[in-house]
There are 2 protein chains.
Amino acid sequence: MIVEVIAVGTELLYGHTVNTNAAAIGSRLADGGLEHQHSSVVGDHTGRMVAAIRLAMSRADVVIITGGLGPTQDDITREALAEATGRPLVFSEDYADRLRRWWASRGREMPDSNLRQAEHPKGSDLLENPKGTAPAIRLDLGDRLIYAVPGVPPELEALLDLHLIPDLTERADKRVVLNRILRTYGESESRLGEALADIYSDGNPSMAFLATAAEIKIRLTAKADSTDKAEKLVAPMEAAVRERLGDLVFGTDDETIEQIVMDLALAKGWTIGTAESATGGMLASRITATPGASAFFAGSVVAYDERVKVEVLGVPGSMIVEHGVVSEPVAMAMADGAASVLGCDVAISVTGSAGPDPQDKPVGTMVIAVHTPERTMARTVSLPGDRERVRAYTTTGALHLARRAMLGEWWQGSPPSGRWL
Amino acid sequence: MIVEVIAVGTELLYGHTVNTNAAAIGSRLADGGLEHQHSSVVGDHTGRMVAAIRLAMSRADVVIITGGLGPTQDDITREALAEATGRPLVFSEDYADRLRRWWASRGREMPDSNLRQAEHPKGSDLLENPKGTAPAIRLDLGDRLIYAVPGVPPELEALLDLHLIPDLTERADKRVVLNRILRTYGESESRLGEALADIYSDGNPSMAFLATAAEIKIRLTAKADSTDKAEKLVAPMEAAVRERLGDLVFGTDDETIEQIVMDLALAKGWTIGTAESATGGMLASRITATPGASAFFAGSVVAYDERVKVEVLGVPGSMIVEHGVVSEPVAMAMADGAASVLGCDVAISVTGSAGPDPQDKPVGTMVIAVHTPERTMARTVSLPGDRERVRAYTTTGALHLARRAMLGEWWQGSPPSGRWL
């Protein structure tokens, strides 16, 4: 069963909003073993929306339209869907009552404009939205199934999980698409591609490389009529890749470096803290984005101002004068200071020159240190790119260094050649 | 001149990667006054890529393809472009030499697979990539212009800024698309839509509503043959909206709340710090994402563990016992403590229960406090949604509260009815 996605909104075309909804839908289609060949974006323009819906109906079994179902005048997905399918809009008194009750239960009077959300093409069903007032629309045309779903991300996601994905997996021909992601860190995409050239295939199973901030994911995909058979197809390729790449592979599937650091901390009974200058809290924010962080994360001192490095973290002022604020001695003193001030076992520190203007050292010079109960060490890296890229890569790098330090692997000298940390 | 964008990559279809490139291209097209009607995603499949390129050529003057130009075997954009346009691939010895020099200058030997990046359709130009090894391809067919650009975000952005956008704006028929964004905070999208019902238009100028995390943007768009004329079209609509909404509008165009808080701090000569529990550094990270933050941002104490709240920020343990850790007295003590420990004039604090498990108070209960040289006050809010949404909304809310506090506006009692902060 082939699914096609249409996201509606001029704001997506002009980059005012990033199309995260396409990814939210896509990852669920992958998990559900549903085929996804095309995804598109059209602006809030009835003619182009009608054409996009008709094109999608011509090449997919299921069309999911997202966005344009809000209460304001520029929300015209209902009208476009009616026109594309030749089904006039009808008004659901029943849903209108539900809307009135929803607002009343929150002690507020409903703006009349919300009544538009009770309109839908004749013959379609309204699916209740547990997180908002706009219902999803489901129009079953026999050989084609069309959904229109609100574009507000949590509402879309709730409706996908509650209605669309269960619906579709039940109707699907049960052909399973299994994705195995091997997450690597430390080598370039082209080196990985060469190292795996003789294992590579674009058949079944297939291999693909996905470069994300500082990590390269290797995706192995198998299609079969059962999960079991798909697993059997993927297994030999996965084993060959793992053997070839060794410890460049740090995680599998949705196992993030944050999750791995958390599991390590819990396994060792260690608490973690951070001391951040150039990353300004991004490292702590990434660690605490994982539910359950309170079991091992003590906190952070974001020492942006030099005075905070000296007065809160206890970095000697003379050390800053001698080595500069972006230096390995200062990074180590920050990590040691954080461990002491926050009372934690492991402390990760970052100081650096993230740009656009240089700070002590050339832009892109970043120093990461890790304090563990065994010792403290630092590493200096030089990163290309702008401020946001440098901050993001450094945050990822700091988590990887912390992992190696917590495993006691970091102490055996320089990293293998070609690896940047 | 109509531009269409095709992003290539199965990882985009299945949500392993969010299509931020489409937004990066789209925002530049908007700034350049270039029309953008369709954007699509296709997987790494030659047949579907060829069809997508031909469809785009049938309805746009310019096609920008991004992704699939890497060195690995799954990168097949070069081949698809050759097939779609009937131009066979040729090999550029010249670019191959450049590639070898690029690697040599970094003291590394070039993997042979990178030589694929010197292939391009006959008659096309290679545009040098200042941030990587894959060049962009530019194929001018007279009535159609096609670009293929690497999908690594910083490389794509550099090539857009260096080559594509200057190229296109020079060729364009100079019809200007002017977007004016009025950024609002504190009212729902449907209330704003009703408040502006008689000003709304989908003509020229047009109005659209964009709901983002906790803020609603109102976009006014005018098309004309000069910026001056477009400005004249937008001006009366903008004035009417501003008069109607009053101080719900806090910023214009790309003026973020972070930028506004920074400008306020600099104008008053105040330094800012944060004390964060539930947001775990996200507030500090957002503030320091703005270049120039070191001029006013002292730092942050991320007091995730209760002990850090007591020992570093000086929150009395008895206060936590009496009121709970998610309470206004504790939030105020955190803000006062941060001002003292970090030595800053303004301190913003957050404590709360972000979920998934409740922490002291029900999930979604968030308390924000702001300390200024004049006084300290706190506000409690209850937010729906999951952990990431609650953290993001709270961070935005904290910045808005800080703005009002710094303006001295916060002290005049409760917020106007219907506003959540």
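Visitor: What should I know about the model before we start?
Guide: It is predicted, so local features need pLDDT of at least 70 and side-chain atom pairs count only at pLDDT 80 or more, while totals for chains, interfaces and linings use all residues. Residues are numbered from 1 along each chain as its sequence is written, and chains are lettered from A and ligands numbered from 1 in the order in which they are written.

Visitor: What does chain A contain in the way of helices and strands?
Guide: Chain A has 14 helices and 17 strands.

Visitor: What makes you say the copies meet through the same surface?
Guide: Of the interface residues of chain A, 100% are also interface residues in chain B, so the surface is the same. Contact means C-beta atoms, placed from the backbone, within 7 Å. By that rule 84 residues from chain A and 84 residues from chain B take part. On the chain A side, α2(A) gives the most, with eight residues.

Visitor: Why is Y14(A) called buried?
Guide: A residue is buried with 20 or more other C-beta atoms within 10 Å of its own, exposed with 12 or fewer, and partly exposed in between, the C-beta atoms being placed from the backbone. Y14(A) has 24 such neighbours, so it counts as buried. Y14(A) sits in the loop between α1 (10–13) and α2 (20–31) of chain A. Leaving out residues up to four places away in sequence, Y14(A) touches G26(B), S27(B), L29(B), A30(B), H36(B) and N179(B).

Visitor: How do you know that β2 of chain A pairs with β2 of chain B?
Guide: Pairing takes at least two bridges found by DSSP. Strand β2 (residues 35–42) of chain A has five bridges to strand β2 (residues 35–42) of chain B, and the two run antiparallel. Within this pairing, H38(A) stands opposite V42(B).

Visitor: What makes β6 of each chain an edge strand?
Guide: The open sheet has twelve strands with mixed pairing, in the order β6(A)-β7(A)-β8(A)-β3(A)-β1(A)-β2(A)-β2(B)-β1(B)-β3(B)-β8(B)-β7(B)-β6(B). β6 (125–127) of chain A and β6 (125–127) of chain B each have a single partner strand, so one side of each is left without a neighbour in the sheet.

Visitor: What makes β13 of chain A mostly covered?
Guide: Five of the five residues of strand β13 (residues 272–276) are buried. I272(A), T274(A) and E276(A) point one way, while G273(A) and A275(A) point the other. In a regular strand the side chains alternate between the two faces of the sheet. β13(A) pairs with strand β14 (residues 297–303) of chain A in the parallel sense, over five bridges.

How values were computed: Two residues are in contact if their C-beta atoms, placed from the backbone, lie within 7 Å. Helices (H or I, at least four residues) and strands (E, at least two) are DSSP runs, numbered from the N terminus.
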